[in-house]
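Have the coordinates open as you read.

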Amino acid sequence: MDPEVSVLLHCADWSGLLESQVQVELSDRFNRQTDAALERHIEEVWMERVSKEPWLFNGAKFRLHSFCLASPQSPSSSCPSAKHPHCTPSSQVPSLDCVDDQGDKLRGRQRQEDLCHTDPPHDAAQNSLDLRNSSLNQTENVEGVIQQTASSTCRTAGPPPLLTLRLGLTCYKDYLGTNWSSQVAELRQRGEAEFGDPLVLLAQPLGVGAILCTDDGQVVLIRRSQRVAEAGGLLDIPGGHPEPKVVCEYLGQAEEISMEVMQQKPEAVISELFSSVCAEIRDEVNVPLSCLGEPVLMGVALNHTSAGRPSAEFYVRCSLSSNEVKKLYWKGGAEAHESTDIVFLGRMEMLQLDRSSPLWSELCPSAKGAVLLYQTVKPDGE
């Protein structure tokens, strides 16, 4: 296994999850812990970075605290009582097929009308649950610490969701001052000693990424610009972050980010999670939303070059050929400055890609995590 990345959770038993199969539990209890000394350190790190990169913006992000995933043996209960998992070889994980539905006015509601419908690690301190080898009848946080069950948050009408994500709030400034801090090892040790959780003092912003597959079976990769903050020059998948600001604006709270407002309509957060990945494809690759299929959540991968930062990885079909996508990319999208080239990889190449492949060393951690999830979940069902 590559030490830069691991899989926190995968959805191979369902070949990915629909938007309707995912829910969130939102609470300030899921924010990171802190103290005055840590806040001073974060401020110092931020001021130093901004002095060198004045274009940096401190935007709010969702913080992944923990999750609850149903057992495939008892899918009617998405919030089972938690016991530590027993190991299951990844070769025994079944592969199914499913797709998802979402919209764009939350980045949001308009997208529902525009969609082209398609057919369907690592030392003990960073031992972050490679769930390719674990059963999923459990609830746990990002480091595998058992958390309370979330049965009270499960919906009562219709089929219950299979996955619950417990989210707090954080920001980019806190991310740079914790996950990317030179003191991150000390912060992890303090978290373990004081709270029993190595990640409790870290920002842990939840990112999103997409395995984008063209109509002729090619997966889209983009080469990151040397000007971006992380992994400059490496190959990546389209991706970014779901934005709390977008959710609050949609809910009529444009002035400030409000946890209370989002708690009143948590489904708006799920909508942003699923629609944000399509918005990133549009902005980075210049593919219209109307040509994108419905995102399928494959799982969550961890980037250990930034202290285990989580990213939700999706599979998205595109109705355009690789040649058409290439032409659109070179016309330039809203975030064309973030990459310098586009590369296509066939499906079989993706399935066979591993650390022995020459291309593997060119992939940034987020792309590696998405590849591992794609190989495990096989969301296209072929």
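Predicted model: local features only at pLDDT ≥ 70, side-chain atom pairs only at ≥ 80, totals over all residues.

Residues are numbered from 1 along each chain as its sequence is written, and side-chain values use heavy atoms, with hydrogens and water left out.

**Helix α8**

Let us begin with α8, which spans residues 322-331. Helices (H or I, at least four residues) and strands (E, at least two) are DSSP runs, numbered from the N terminus. Four residues here are buried: Ser-322, Val-325, Leu-328 and Tyr-329. Buried means under 20% relative accessible area, exposed over 50%, and partly exposed in between (1.4 Å probe, protein chains only). An α-helix has 3.6 residues a turn, so residues three or four places apart point the same way.

Turn to the other side of α8 and you find Lys-327, Trp-330 and Lys-331 exposed. The cover over the buried residues includes β7 (218-224), α7 (267-285) and β12 (339-346), where contact means heavy atoms within 4.5 Å. Just after α8 comes Gly-332, with a positive phi of about 95°.

**Aromatic pairs**

The structure holds five aromatic pairs. Rings of Phe, Tyr and Trp (its six-membered ring) pair if their centres lie within 6.5 Å; planes under 30 degrees apart count as stacked, over 60 as edge-to-face and the rest as tilted. Two of the pairs are set out here.

| Pair | Centre to centre | Angle between planes | Type |
|---|---|---|---|
| Phe-274 and Phe-314 | 5.0 Å | 75° | edge-to-face |
| Tyr-315 and Tyr-374 | 6.1 Å | 25° | stacked |

The phenylalanine pair links distant parts of the chain, with Phe-274 in helix α7 and Phe-314 in strand β11 (residues 309-317), 40 residues apart. Both Phe-274 and Phe-314 are buried. Tyr-315 lies in strand β11 and Tyr-374 in helix α10 (residues 365-377), so this pair ties together parts 59 residues apart in sequence. Tyr-315 and Tyr-374 are both buried. Elsewhere, ring pairs join Trp-46, Tyr-172 and Tyr-175 into a cluster.

**A serine in α7**

Helix α7 also contains Ser-275, which counts as buried because its relative accessibility is 0%. Where does the side chain of Ser-275 reach? It comes to 2.7 Å from the backbone oxygen of Ser-271.

Definitions and conventions: Polar contact = N/O pair within 3.5 Å; in protein donor to acceptor, adjacent residues only side chain to side chain.
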